[in-house]
Structures are given as structure tokens and as C-alpha cells.
Amino acid sequence: MGIQYCQCKLPLSRQTDEQMVKRIVEEFSNREILFLSPKVFRRKGWYKDLFEQAEKKGYQLARVDGQIISLTPTPKLERYKEHSIDLAVGETKVTSKNEKKIKDLVEKALLEGKGTFSILDQKGHKEELFSRKGFCPQCGSAYQPLDPRIFSFNSRYGACPACDGLGVFPDTDSTCSRCEGKRLNEQALSIKVADYTIADLSSFSVDDALRFLPTLPFSSRDQIIAGLLIPEMVIRLEFLKRVGLSYLSLDRSGNTLSGGETQRIRLAAQLGSNLRGVCYILDEPTIGLHPRDNAMLLDTLWELKTRGNSIVVVEHDEETIRRADCIIDLGPGAGKQGGRLIAQGSAKKIQKEPLSATGKWLKLLSNRQINSRYRKAKEDKWLVVEGAGKYNLKNITAHIPLGALVCLTGVSGSGKSTLLMEIIVKGVHSLLNRKEIPEDTCRNIQGWRNIERILEVDHS
């Protein structure tokens, strides 16, 4: 469905056979030229059948990985190496008297190349691409047919060549100036569907995409394709919304997500897979989650269970334990003191087992009270972060007391890890090393001179 645009900012249009013949006569006058039809573009395999079929049709030459070779004997290629193969369908000298032969070869090359071919002037080392679809009427440039790999920044065919598809430069952590953080190359970003590039649509949040996608305008022809794809996209977005991730933008890098966000994205993917008879094993899935998100997570697990799957969870969370169909309680202590099956069954049954520490905890939970004394922070030593505005943070100013134990709380995705790791850790580390605070993090950090060094203890 995509419409590709040239560097001239004009949409590529259809090039007629007559236009191709005319351009060949004008550009390659009095030169010996070779017509090459593309068959394989950077794909792995032997392609023995392709060569044998071409030889049966009477073709004698092919260009394989940039080299013109004979089809006799049948070329042998490395199976696990990427190859590009063009079939040499004929050659001729370009003259006005030879126009009929040129026209015949154009038709033959288009047939073999499925609407695309190239002309090679072997002596002048000049090559030009011709296409029935990808042709710019202003500058005369032609482009290769679209390939799904173009739209993936994990593929070298789609990745921005300057940042290798990362969107940032690893040594300065600054946004790539060539792709502006979009991670794709110029060709991928020159293709539009309903006037939107893939980067435009990926910048939407889950919520915004859910509202916007069904309203995209399509022609009657494109609607046939879109009518199958848009509902599938909406279903997947709905799953992300149901696990509480409606605020995430679709182009968020995985390494910027919190642990809770990453886990719920995986659960949303499993909801979308609609599998049955699967045993899901989760090791403490509520770690890092705000209590508000626990119920959402447990509802997701419950739905997976009702589809005919098994859920096995290692947990210490009270709500998770109480909602389990079956609890297996190990103990009675930890390390050498453990390793025995203490109790098995419902939460009520566990509470009746005198040796179960879990049962005692569940039973006495309502009687627990916080009785530790409140400790005030030292008034003269504070770390002040001004205008923090990265990812989900909305231009906030936070005062962090020093010489105290400080806890950041909030629902999953509210910006806890971003404030601590992306802004405080990186910002203070830069200031201690006499560098500027990284761009797009915050306006300023005050009180950092009270800190001698900063140590980060993370999952690794």
C-alpha cells in the first residue's frame, strides 16, 4: 500500500515501456549494453534450481554478487551467505536502427524481473535501474521494489547507516542527526501510507494509535488490504491497554522500559497468541509493580488460565497467594533450614498449618502496624532536580534529601526508574566528571557538590 517518494519530494509513478526505451536510446547511445533482470536480492541459499531453469530457457549469463558468470556449469553458491542474482536476458548496441530489438529486450527483461530491470554499460561502468512502478518523473531516478526488510531497523536494509538502527550514537548518547532518532534509513522514511511514514505512526502512544488507526483514509483498492490489517493491529493495541500500558509510545526503546512494563508487554503478547495447553512459569512477577498494578497483572494471568493454560508462579505477594487455586508452601526456614513441603492447598488450609511461616503471616496480616519513628532529613543538604522531562516525566522538579534513605514510589511507568537512573545517576555522574548534564534530561541539578561519588547498583 505504501507510496514511495523520491529525494525530489515527488511520489514515484509508473514508467511506461515506451518511456524506458526512449531513455535507454538517449542515455546509452552507441554503447554496448547488457539487460539484467533481478531474481534474488541479498538472500541466503544455493539457488541451483533458479540457474537450471534459466539455462533451460536459453540464458547463458548471470550476475552473481556483482560478478558476471556463466551458467554452464551450474554455479555453486554458499548456502548460508547472502546473495544477489540478476539474470542477463540479452545485450545489444544502442542505435536508432536497433530500437525494435531494444523494445523486445525491455519487454523480456520486465517479464523476468517482474516489472524491474537494469541496464549495464560494461565499458563505461555505468548502470541504471528501470521500473514500471518506482520512477521519479522529475529527476528520472528509478528505485527497487519495496521489501519488508526495509521497515526494520534490526535489518541492515532498513537501519539508518549512521547509527546502525540505534537512533543514538553509543559514545555520546546523543540523538542521531541523520535519522533524528527514528532509526530507519532514508528509503524506509520516504514511503508513506495515507500520508504517514512508519515512524510517524510509531511515535503515537497506544491510546492515540487506538483512536487514530481506524480513522485512516484509504482508497477503495487500499481498503481491501487495510480492512484485514487494521483490526489485527487494534486487537494487539487493546491487549497492551488492558495490561495498563496505554501511555507507552510504540517507538519506545526496550532498554528504557521498567521491569514491570517489560513483563506486561510479554503478557500482552501471550494474550494475543491465543494459545491453549501451555504452562506459563513466572518468577516473582509482581516485583517492581505498584499495588494498583497487581490486580491488573493477576487478571491477565487469570484470563490465560481460563483459556486452558497452567500458571505456575513463585511469589511472596499476599494478593497473588490468596488468588491462587493451589499453594505449595516450602520451608520451614531458608537455606539449610528449608527444602521441605510444609503445606499444600488453599490459603485457608495453609493458615491452619502450624509450621507454615506463610500461613502465620496471612493469618496475622490484619494485626500488623507500622511503629517505626519518623526521621527528618537534614535541612541543609538536598539534591534538587529541576525540570526533569524525559520519557514519561512531565517537566517535574524533585527535592531529594541527602544523608537519608529515600524511596521513589508510583505506579509502573510513572517515571521512577527514569528519574533515578536516566536523570539523577547520569546527571550527577556527568557533573562529578566536570561534564554537562546530558541533553533532554533536565534543566539543572543543584546540591550535587555535597556528593563525592555515585554508585549504581542495578539488576546486573
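Student: Which residues form one aromatic cluster?
Tutor: F35, F117 and F130 do. Rings of Phe, Tyr and Trp (its six-membered ring) pair if their centres lie within 6.5 Å; planes under 30 degrees apart count as stacked, over 60 as edge-to-face and the rest as tilted. This is a predicted model, where local features need pLDDT of at least 70, side-chain atom pairs count only at pLDDT 80 or more, and totals for chains, interfaces and linings use all residues. Residues are numbered from 1 along each chain as its sequence is written, and side-chain values use heavy atoms, with hydrogens and water left out.

Student: How many aromatic pairs are there by this rule?
Tutor: The count is 5. One of them is F117 with F130: the ring centres are 5.2 Å apart and the planes are at 10°, so this pair is stacked.

Student: Where do F117 and F130 sit in the chain?
Tutor: F117 is in strand β6 (residues 116-121) and F130 in strand β7 (residues 126-131), 13 residues apart. Helices (H or I, at least four residues) and strands (E, at least two) are DSSP runs, numbered from the N terminus.

Student: Is F117 buried or exposed?
Tutor: Buried, with a relative accessible area of 0%. F130 is also at 0% and counts as buried. Buried means under 20% relative accessible area, exposed over 50%, partly exposed in between (1.4 Å probe, protein chains only).

Student: New topic. At what angle do the axes of α8 and α9 cross?
Tutor: Roughly 30°, and the axes of α8 (residues 259-273) and α9 (residues 291-306) come within 10 Å. Axes are lines fitted to C-alpha atoms, for helices over the stretch in contact, and angles run from 0 to 180 degrees between N-to-C directions. That makes α8 roughly parallel to α9; angles under 35 degrees count as roughly parallel, over 145 as roughly antiparallel, 65 to 115 as roughly perpendicular and the rest as oblique.

Student: Which residues of α8 make the contact?
Tutor: R264, L267, Q270 and L271, against residues of α9 including M296 and L297. Contact means heavy atoms within 4.5 Å.

Student: What does V428 touch?
Tutor: L383, I423, I445, I451 and I454, not counting residues up to four places away in sequence. V428 lies in helix α13 (residues 416-432) and is buried, at 0% relative accessible area.

Student: And where does S249 lie?
Tutor: S249 is in the loop between α7 (220-242) and α8. At 23% relative accessibility, S249 counts as partly exposed.
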